[in-house]
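Subject: Structure handover

Hello,

Here is the structure for your files. My notes on what turned up in it follow below.

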Amino acid sequence: MTPTTDEAAVEAANTAFYEAMETGDFDTVSGLWLDDDTTPVTCVHPGWPVLTGRGEVLRSYALIMANTDYIQFFLTDLHVSLAGDTALVTCTENILSGGPAEDGAELGPLVGQLVVATNVFRRTPDGWRIWSHHASPSSPRPTTPTPPNPPWTTPPTTPITPLTCDSTRSRPPRARAVGPRG
């Protein structure tokens with residue numbers, strides 16, 4: 001395969017993973033994880049310890065799916081890197097999720113979360129499979145406007161008057177270092 005074709009295949013596997021999470025399709029999530037009995041998979045969910053081994057990782061997804069009534073991922077900042085039979089996907093998961101409904105409502109309160117994620121894939125005879133997933137909470141990017149030009153880059157609007165020296169004034173004392181000299 002060519003790098004472009006591989007990138008597209010990795011991105012498709014990554015998208016399939018998040019779509020399966022959104023629809024609660026545990027079989028698809030399970031099928032996307034590496035299963036070769038020699039390479040242990042790992043997973044870190046935000047705030048969780050490292051999970052190692054296929055059983056432990058898949059159990060975590062079963063728990064998440066069982067306790068989340070609604071989840072939607074908006075992936076941004078997605079980048080795919082390839083190195084032989086290994087691929088690295090980094091992205092920002094903009095997550096909207098809802099827990100159990102209260103007082104007869106259809107859906108519980110919705111919560112937004114921003115998470116940065118790294119997904120490592122390995123090429124297998126059956127296609128690209130997830131070897132590791134690591135997700136950490138993130139803060140939103142600052143939206144403050146760009147500050148104006150610093151004063152030293154802006155030409156003055158009033159003429160600069162030259163400084164004069166008054167030799168009769170005493171000078172302030174010079175600053176001295178405090179503490180032992182090295």
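In what sense do strand 4 and strand 5 pair, and over how many bridges? The pairing of strand 4 (residues 86-98) with strand 5 (residues 110-124) is antiparallel and runs over 13 bridges. Within strand 5, Phe121 is the residue that stands opposite Ala87. Please keep in mind that this is a predicted model.

Strand 5 also pairs with strand 6 (residues 127-137), in the antiparallel sense and over 10 bridges. Asn119 stands opposite His133 of strand 6.

As for the overall layout, the protein has three helices and six strands. Along the sequence, their order is α-α-β-β-α-β-β-β-β. Of the contacts with a separation of 6 or more, 53% are between residues 24 or more positions apart.

The protein has 182 residues, and 28% of them count as buried.

Asp6 counts as buried because its relative accessible area is 5%, and the cut-off for buried is under 20%. The Asp6 side chain makes a polar contact with the side chain of Arg123, at 3.0 Å.

Regards

Terms used: Residues numbered from 1 in each chain as written. Predicted model: local features only at pLDDT ≥ 70, side-chain atom pairs only at ≥ 80, totals over all residues. Heavy atoms only, no water. Buried < 20%, exposed > 50% of the residue type's maximum accessible area, 1.4 Å probe, protein only. Polar contact = N/O pair within 3.5 Å; in protein donor to acceptor, adjacent residues only side chain to side chain. Helix = DSSP H or I, 4+ residues; strand = E, 2+ residues; numbered from the N terminus. Contact = heavy atoms within 4.5 Å. Pairing = 2+ DSSP bridges.
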